[in-house]
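Please read these notes with the sequence and the model side by side.

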Amino acid sequence: YATSFAQIRINEILVSNIISNLDTDNYEYGDWVELYNEGSETINLNGYSITDDIENPTRYTINENIYLNANEYLLIWTDKEASGVHTNFSLSADGEFVGIFDPSMVLVDSLTYPEQHPDISYGQHTDGSWGFYGFPTPSAANSGFFSTSANLSPQVSFSKSSGFYSGSQSVTLSVAEPNTDIYYTTDGSFPVKNTSSTKLYSSAISISSNTVVRARSYNSSFLPGKISTQTYFINEDISLPVLSLSTDPDHFFDDEIGIYVEGTNGIPGNCAGVTNWNQDWERPVGVEYFSPSGEALLNQNAGIKISGNCTRIWDKKSLALMSRKKYGKSGFDYTFFEDKD
């Protein structure tokens with residue numbers, strides 16, 4: 001395909017958007033490709049196409065007037081919604097090609113990106129090089145810590161593992177790298193620096209009741225580390241397997257984005273009126289699974305949705321868990337059903 005200088009270029013991508021920015025068209029944490037108009041004239045994107053297959057340049061074509069002014073940014077959501085700025089395909093966190101074609105089938109810009117990591121974007125630096133940004137900057141100029149290699153800050157270690165304990169416990173956090181800060185939460189949300197629910201670790205955490213601790217390391221020389229989650233049950237007697245789910249409470253119970261409530265942002269169906277729980281929304285969740293003896297069998301991040309049809313109206317709702325590479329792993333590290341992998 002022919003290529004030429006064009007005003008439109010790819011500036012940044014986020015292929016594992018877990019909690020970075022919510023798409024308020026669909027109220028999902030969709031992945032995106034950010035376009036930038038570096039020219040002096042407004043461009044109408046009607047007729048432009050975006051693809052992840054160089055042999056299929058028109059995989060998704062924009063069929064409406066969408067104007068991108070000079071020096072402005074636009075997010076193209078790769079979420080399979082197939083409408084407006086929402087493509088009919090998704091991008092792989094394992095790495096692949098993405099390209100933009102103009103209406104004349106001229107390749108305007110393209111990118112072949114490497115493996116991606118949750119909530120870490122891949123963008124173009126001011127010197128023209130491409131690399132990873134620790135904090136995505138949707139619809140804005142790329143900024144903050146930049147690295148051409150995906151060197152993450154080491155994962156946080158816990159002095160006590162998830163499990164069942166008698167009496168109050170003291171848990172210390174550590175990381176195998178000097179000059180590294182540890183941030184943590186106890187409300188189920190992701191630890192994100194400079195947010196209200198996230199605390200800077202300074203001394204042992206005292207735990208006297210059932211508590212989820214989620215922690216992440218930050219170092220000025222590395223990209224933010226992976227999130228670690230440990231759940232502590234205090235004075236609980238069990239005889240059945242236990243499933244622990246941890247997420248930001250808003251993901252379940254907020255009127256606007258919560259999946260478990262009637263809310264104010266729903267759709268009708270499934271024997272109910274207009275309710276949030278009818279939406280096909282997916283939210284990030286930490287999943288831990290314990291045997292009846294209290295042995296920890298599974299600990300990983302995943303996605304969660306409300307499941308079922310008319311059972312959605314009941315106080316206790318069915319939940320579907322999805323393992324996806326965007327959360328860190330495809331597949332669950334435990335055989336829940338003997339006849340399945």
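What is the volume of the largest pocket? The largest pocket has a volume of about 740 Å³, and point 1 says what is meant by that. This is a predicted model, in which local features need pLDDT of at least 70 and side-chain atom pairs count only at pLDDT 80 or more, while totals for chains, interfaces and linings use all residues. Residues are numbered from 1 along each chain as its sequence is written, and side-chain values use heavy atoms, with hydrogens and water left out.

1. The pocket. A pocket is an open set of points on a 1 Å grid over the protein atoms alone, with protein on both sides within 12 Å along at least five of seven lines, whereas a cavity is a set of points where a 1.4 Å probe fits but cannot get out; lining residues have an atom within 4 Å of a point. A volume is the space filled by probe spheres set on the points, which are joined across faces, edges and corners. The largest pocket is lined by 30 residues, and Glu28, Asp79, Glu282, Arg324 and Lys326 lie nearest its centre. Its lining holds 9 nonpolar, 8 polar and 13 charged residues (Ala, Val, Leu, Ile, Met, Phe, Trp, Tyr, Cys and Pro count as nonpolar, Asp, Glu, Lys and Arg as charged, and the others, Gly among them, as polar).

2. The cavity. The whole structure has 1 cavity of 30 Å³ or more, and the largest cavity has a volume of about 40 Å³. Its lining consists of Leu35, Tyr48, Ser49, Ile50, Ile62, Ile76 and Ile100, which divide into 6 nonpolar, 1 polar and no charged residues.

3. An open sheet. Strands (E, at least two residues) are DSSP runs numbered from the N terminus, and two of them pair if DSSP finds at least two bridges between them. Here 6 strands form an open sheet in the order E7-E2-E1-E10-E11-E12, with antiparallel pairing. Strand E7 (73-77) and strand E12 (146-147) stand at the edges with a single partner strand each, so one side of each has no neighbour in the sheet. Within this sheet, E1 (residues 8-14) and E2 (residues 32-37) pair over 6 bridges, and Arg9 stands opposite Tyr36 in E2.

4. Aromatic pairs. Rings of Phe, Tyr and Trp (its six-membered ring) pair if their centres lie within 6.5 Å, and planes under 30 degrees apart count as stacked, over 60 as edge-to-face and the rest as tilted. By this rule there are 19 aromatic pairs. The ring centres of Tyr165 and Tyr232 are 6.1 Å apart and their planes stand at 50°, so this pair is tilted. Tyr165 belongs to strand E14 (residues 163-165) and Tyr232 to strand E21 (residues 228-234), so the pair ties together parts that are 67 residues apart in sequence. Tyr232 is buried at 0% relative accessible area, while Tyr165 is partly exposed at 21% (buried means under 20%, exposed over 50%, and partly exposed in between, with a 1.4 Å probe and protein chains only). The rings of Tyr334 and Phe336 have centres 5.0 Å apart and planes at 75°, so that pair is edge-to-face. Ring pairs link Tyr289, Phe332, Tyr334 and Phe336 into a cluster.

5. A charge over two rings. A charge sits over a ring if NZ of Lys or CZ of Arg is within 6 Å of the ring centre and within 35 degrees of the ring normal. Lys317 lies over the face of Tyr260, at 5.6 Å from the ring centre, and its charged end also sits over the ring of Trp277, 3.9 Å from the centre.

Definitions and conventions: Helices (H or I, at least four residues) and strands (E, at least two) are DSSP runs, numbered from the N terminus.
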